[in-house]
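Please read the following note alongside the sequence and the model. The points are numbered so that each can be checked in turn.

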Amino acid sequence: MSYTFLFRSLMALSLLGSIPAVHADQLDDVKSSGVLNCGTLGTSQPFSFQDNDTRQLVGFDVDICKLVADKLGVDVRFKMMSVAARVPELNEKRVDIIAANLGYTPARAEQIAFSHQYFASRQMLMVRQESNIESIEQLDGRRIGAVKGSSSERDIKNRLPNSTVTGYADGSATYLALQQKKIDAQYGSEAGLMRFVQQAPANSPLALIETAVFVEPWGLGIRKNEPEFLAAVNQILVEADASGEITEIFDKWFGADTPYAMQRAYEVEPITSL
Amino acid sequence: MLEIVREYWPMLLVGQYPNGPLGGLALTLIVAVLGLAFSLPLSLLIALARVSPVKWLSFVTAQFVRVIRGIPLLMLIFWAYFVVPKLIGSSVSGFTTLVCALVVYQAAYLAEVIRAGIEAIPSGQIEASRSMGSSYMLTMRKVILPQALLNVLPSMTNQFVSTIKETSLGYVISVNELTFSANQVNNLVLTQPLQVFGVLAVVYFIVCFSLSRSLRWLDMRIRRSRAMA
Amino acid sequence: MYLLEAQYLYQMLGGMVTTIQLFIVSWVLAFSVALTLVVIRATEWSVARWLVDAYVEYHRNVPLLVHVLFWYFGMPELLPESVRGWLYQHNAEMSLAAIALGLGAAAYIAEDIRSGLRAIPDTQFEAARAMGANYLQGMRYVIIPQALRHAVPALIGRALLLFKNTSVTMAIGVAELTYQAREIENDTYRTFATYGAATAMYLAGAFLIMFIGARIHAYYAISGGRNA
């Protein structure tokens with residue numbers, strides 16, 4: 001086994017993701033197979049997670065995938081996948097579409113195609129109430145924690161150039177670091193942070209800084225070079241928006257009856273125009 | 001901690017089953033048992049090849065072991081997940097990939113442990129056995145390996161236990177084993193990660209400790225029966 | 001050639017440097033603790049032996065990730081507030097990670113050395129004592145050097161594992177190689193390229209360790225022996 005061979009294999013592998021697929025149209029494939037394979041994280045409440053009572057996969061992303069499959073007239077099959085594997089899973093054709101906390105950035109859009117925005121995540125900062133921090137700027141120079149891989153740490157670094165950002169394994173670990181004063185603020189999506197604010201013990205309350213750092217548009221991930229499939233998915237989203245189905249799903253997971261009590265404040269629209 | 005166990009034990013024990021694929025501790029055990037069952041014979045073969053007088057055989061296996069040991073298991077699993085289907089031309093499940101990656105990885109490590117054991121046996125023994133007319137293989141089988149394997153049993157036990165713990169890396173390719181389930185629970189409980197990981201630690205401890213204790217007991221018994229203790 | 005821009009490679013090299021620092025510090029810690037454990041374990045005093053056994057069993061049977069989380073989130077809570085504050089301002093992730101990794105590896109290294117010890121006949125120790133060496137001298141000059149020699153292959157394996165296991169510390173935010181790789185992956189979604197580069201860097205580091213290990217092995221080998 002020579003080192004050159006190994007190196008070449010690695011190079012070759014690194015190219016795999018960028019070779020455009022040459023095959024029949026994916027829309028036809030999905031329709032003829034009768035199944036839409038949807039990849040989702042399974043560990044991201046309330047987007048996709050395992051319900052403890054029924055032990056079934058549920059959530060906002062799960063319902064969106066179901067919606068797309070219904071409108072295509074096919075069954076849906078879910079596949080749980082990790083953050084690290086989600087993009088290769090899609091590009092290697094293990095799944096047809098991914099609904100997995102995919103925030104749009106131009107760099108990311110070089111690897112996968114994004115559907116219209118189906119969710120907009122208000123990225124916010126959460127602090128300990130006793131720290132009396134009320135504005136984003138007050139945090140410049142302080143330590144900020146975020147979940148590794150959940151959202152772009154770069155955005156917070158741009159906004160607060162003197163702060164250090166530490167990425168933790170998950171939201172719970174970041175929360176613990178915040179409560180233990182290892183960090184001064186936790187950065188994340190409004191929905192995610194709200195649950196911590198509500199569940200924090202009374203003797204160490206937390207608060208969100210009112211203004212969002214920025215609003216991250218989320219799209220469904222589709223392989224590049226599948227214009228017809230992408231158009232079909234987009235059309236489904238637009239129609240479901242007009243018919244009120246998207247709002248219905250939103251209210252089911254984020255509305256007044258949920259712990260989040262959020263108002264829908266985004267449109268289904270092309271991401272690139274945002 | 002007890003509350004977490006009381007509330008979430010089905011998820012930790014079997015994952016989504018019967019509403020979905022089997023997961024949790026049950027899956028961890030299945031992966032670990034398969035991993036051990038296949039890696040032990042493979043590692044013996046590799047170790048024998050490595051110390052064998054056949055030059056090319058020992059060279060090839062040495063390079064194989066070297067590369068495998070140089071790659072973090074996490075990366076190996078990740079690559080196996082995307083490369084194996086390309087090699088065999090059909091898609092394989094995350095479960096199969098995890099077992100394959102674990103077997104290859106552990107076999108490389110176990111082979112090193114066994115080789116160290118073989119090399120610790122004084123070479124005079126081989127010479128004595130060979131000069132009495134035994135073949136190379138017979139010498140290995142009857143003289144060297146029994147002593148070598150016994151001498152390195154503590155290190156081998158370590159590797160077995162590692163295998164169990166390393167099944168947890170299946171999360172990168174979404175094998176919903178125990179650690180994956182614990183992460184899901186963590187996501188539901190949210191504010192008690194230390195307790196959730198505490199439960200996880202206790203469960204792994206019980207499984208691993210019983211294995212290492214049984215092997216230690218076996219070791220003692222063999223030593224006693226050979227009056228070596 | 002499409003792989004990664006210089007900016008990302010630079011970021012990864014930074015991660016590699018952190019990985020190597022973490023590896024060296026925790027290895028030194030692990031080896032010193034392991035030797036202490038072996039010597040204590042070899043005494044006749046049953047309480048000491050029991051304590052060492054408990055230490056080893058804990059580390060062997062609890063996944064490293066859980067152990068690292070325990071040191072990062074659990075241990076500092078026992079420190080006084082002022083010390084804690086200071087620690088958090090001075091890269092607590094890195095030092096606590098090194099301690100957790102080092103203590104964990106020590107348990108394994110101690111076992112490897114013990115395996116080596118078992119290959120040495122008891123008579124050698126008795127001979128050393130008979131020649132007037134006390135317990136520590138017998139261990140230090142006669143037994144441990146030989147045990148280490150037998151344990152060299154296992155110890156090299158252990159060093160490699162420790163090197164690779166440093167990646168677990170990304171869970172508590174240590175910006176090592178895997179952490180940086182995931183960061184870049186998350187920025188660009190170029191999964192294969194980033195993981196390919198990371199794998200290549202780990203391999204390079206591992207080969208270096210193996211090379212040094214082989215030198216040590218050759219140095220320690222018994223001259224005229226089968227593996228000299």
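How many salt bridges does the rule find across the interface of chain C and chain B?

1. The model under review is predicted. Across the interface of chain C and chain B, two salt bridges are found. In one of them C:Glu57 is joined to B:Arg213, and the closest N and O atoms of this salt bridge are 3.5 Å apart. Chain C and chain B also share 11 residue pairs in polar contact, counting pairs with both residues at pLDDT 80 or more.

2. The side of chain C that touches chain B draws at least two residues from each of several helices, including α2 (46-61), α5 (92-118) and α7 (135-165) of chain C. The helix that gives the most to this side is α9(C), with 12 residues. By residue class, the side of chain C that touches chain B consists of 21 nonpolar, 11 polar and 10 charged residues.

3. The extent of the interface may be stated in two ways. In residues, the contact involves 42 from chain C and 47 from chain B. In area, about 4000 Å² is buried between chain C and chain B, and 60% of this lies on carbon and sulfur atoms.

4. Within chain B, B:Ser39 deserves attention. This residue belongs to helix α2 (residues 24-51) of chain B. Is B:Ser39 buried or exposed? Its relative accessible area is 1%, so B:Ser39 is buried, the limit being under 20%. Leaving aside residues up to four places away in sequence, B:Ser39 touches B:Val103, B:Gln106, B:Ala107 and B:Leu110. B:Ser39 and B:Val104 are separated by 65 residues in sequence, yet their C-alpha atoms are 6.8 Å apart.

5. Over all chains, the search of the whole structure finds 33 of them. In one pair, the ring centres of A:Phe60 and A:Phe254 are 5.4 Å apart and the planes stand at 70 degrees; the pair is therefore edge-to-face. Because A:Phe60 lies in helix α3 (residues 60-72) of chain A and A:Phe254 in helix α9 (residues 245-254) of chain A, the pair ties together parts that are 194 residues apart in sequence. A:Phe60 is buried, at 0% relative accessibility, and A:Phe254 is likewise buried, at 0%.

6. Another edge-to-face pair is formed by B:Phe78 and B:Trp79, with 5.7 Å from centre to centre and 75 degrees between the planes. B:Phe78 is buried at a relative accessible area of 1%, and B:Trp79 counts as buried at 8%.

7. Finally, chain A contains an aromatic cluster whose members include A:Phe60, A:Phe254, A:Trp218 and A:Tyr266.

Terms used
Residues are numbered from 1 along each chain as its sequence is written. Chains are lettered from A and ligands numbered from 1 in the order in which they are written. This is a predicted model: local features need pLDDT of at least 70, side-chain atom pairs count only at pLDDT 80 or more; totals for chains, interfaces and linings use all residues. Side-chain values use heavy atoms; hydrogens and water are left out. Contact means heavy atoms within 4.5 Å. Buried area is the accessible area (1.4 Å probe) that two parts lose on being put together, summed over both. A salt bridge is a side-chain nitrogen of Lys or Arg within 4 Å of a carboxyl oxygen of Asp or Glu. A polar contact is a pair of N or O atoms within 3.5 Å; within protein, one must be able to donate a hydrogen and the other to accept it, and residues adjacent in sequence count only if both atoms are side-chain atoms. Helices (H or I, at least four residues) and strands (E, at least two) are DSSP runs, numbered from the N terminus. Ala, Val, Leu, Ile, Met, Phe, Trp, Tyr, Cys and Pro count as nonpolar, Asp, Glu, Lys and Arg as charged, and the others, Gly among them, as polar. Buried means under 20% relative accessible area, exposed over 50%, partly exposed in between (1.4 Å probe, protein chains only). Rings of Phe, Tyr and Trp (its six-membered ring) pair if their centres lie within 6.5 Å; planes under 30 degrees apart count as stacked, over 60 as edge-to-face and the rest as tilted.
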